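Let's take a friendly walk through a beta sheet. Have a look at the model first, and then follow the strands one by one.

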Amino acid sequence: MAEELALDLEELRQLHSSAKRPRILSLISSEIRSLEKLQASKEDGNAAAPPPTASQIPIPISTSVKAPINPALNYVSVSSFSWDQDMDKVKIYVFLEGVEQEKIQTDFKPLSFDVKFHDVKGKNYRCAVPKLNKEIVPEKCKVVVKPTRVIISLFKASKGDWPDLYSKEDKLKPNLDKEQDPMAGIMDLMKNMYEEGDDEMKRTIAKAWTDARSVKAEDALKSYR
């Protein structure tokens, strides 16, 4: 047993002299120390059990676990995007960098879509149209990520040209949110009607707008009398 220990020590010392990597040197040195202690205990007649060698000590292994998507409740609305179409589909181009395909959440319905982009440079974005001009086929729709933009492909339920992305009814509908000034919704409605209307409609809305401003000015003057 003593001879075996001596031979092991001699070979380990030779390995130590030729080793270069710091981790390997540390492991060999630890093993040499353990065998030297064991040899000393044998020579002293000490039958105590040897301490665990470096090869017996478990080495912690670093593991990398991919964190699941944890979307925040707040989203930045993507209100500016471009789109084009052919007879079969509509393509929407969202210009965002840093989007990861596995961090996209989609909700396609026959007359709407809602696409959420999570953890894009620390923020969450959302691109949605609550009411499309015409119906789409949800199961065919898809999202493709490019280096500088995201392409949302909407497949039309029936071939043809769309006059607009949004439903005209939805476009003219005022936003009467409880937290929003009701007048703001009416003004939005008048603005959309002016943009969509003919010359007669535009003249009528312009006159109503002028009259409304005149009434406000008159009321303001009354308060000073």
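Two strands count as paired if DSSP finds at least two bridges between them. Keep in mind that this is a predicted model. In it, 4 strands come together as an open sheet, and their order is 2-3-8-7.

**The sheet as a whole**
- The pairing in this sheet is antiparallel.
- Strand 2 (82–85) and strand 7 (142–145) are the edge strands, each of which pairs on one side only.
- From one strand to the next, the twist averages 20°.
- As background, strands of a sheet pair through backbone hydrogen bonds, and the pairing can be parallel or antiparallel.

**Strand 2 with strand 3**
- These two strands pair in the antiparallel sense over 4 bridges.
- Strand 2 and strand 3 also form a hairpin, with 3 residues between them.
- To find the pairing by eye, look for Asp-84, which stands opposite Lys-91 in strand 3.

**Strand 3 with strand 8**
- Strand 3 covers residues 89–94 and strand 8 covers residues 150–155.
- Strand 3 and strand 8 are joined over 6 bridges, again in the antiparallel sense.
- Tyr-93 stands opposite Ile-151 in strand 8.

Notes. Residues numbered from 1 in each chain as written. Predicted model: local features only at pLDDT ≥ 70, side-chain atom pairs only at ≥ 80, totals over all residues. Heavy atoms only, no water. Axes fitted to C-alpha atoms, helices over the stretch in contact; angles between N-to-C directions.
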